[in-house]
Amino acid sequence: MFFEDLDIIKVGKSHYPTMEVIMQNVIKSYVAKVDSKKRVTLKSTLFDYYQVEEFADGKLLLSPRQLTEPFTVSENTLSMMDSAMENYKEGKVSEKIDLSMFED
């Protein structure tokens, strides 16, 4: 995924607990303005959907999200396709459909 370019460093002082921070190279940096309807426009994003986390200090964290898993077929659909192929191999098929009336 996109975690290959991340560097994990430990931050903290000797009298504070240490925590791991993920450092990632910044690709773009720009100022975005909140409009009158409290919306922010993102420029040239890689994803269509983002999970937004808002912190008490005003920071926003955007994490890319996908609503469905890409390139997946449900188990039900796969089962139906398998059944259809078994019927085809056994010769259980309908008669040919005449599409000649649709020719130019």
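These legends walk you through a few close-up views of a predicted model.

**View 1. Confidence along the chain.** Residues are numbered from 1 along each chain as its sequence is written. Local features need pLDDT of at least 70, side-chain atom pairs count only at pLDDT 80 or more, totals for chains, interfaces and linings use all residues, and side-chain values use heavy atoms, leaving out hydrogens and water. The protein chain averages a pLDDT (the predictor's confidence in each residue, from 0 to 100) of 79. Where pLDDT is low, the predicted coordinates should not be read in detail.

**View 2. A salt bridge between aspartate 35 and arginine 39.** Here the two side chains meet at 3.0 Å, N to O; a salt bridge is a side-chain nitrogen of Lys or Arg within 4 Å of a carboxyl oxygen of Asp or Glu. Aspartate 35 is partly exposed at 28% relative accessibility, and arginine 39 is partly exposed at 48% (buried means under 20% relative accessible area, exposed over 50%, partly exposed in between, with a 1.4 Å probe and protein chains only).

**View 3. The pair of aspartate 57 and lysine 59.** This salt bridge spans 3.9 Å, N to O. Aspartate 57 is exposed at 56% relative accessibility, and lysine 59 is exposed at 56%.

**View 4. Glutamate 90 with lysine 92.** Their side chains form a salt bridge at 3.2 Å, N to O. Glutamate 90 and lysine 92 are both exposed.
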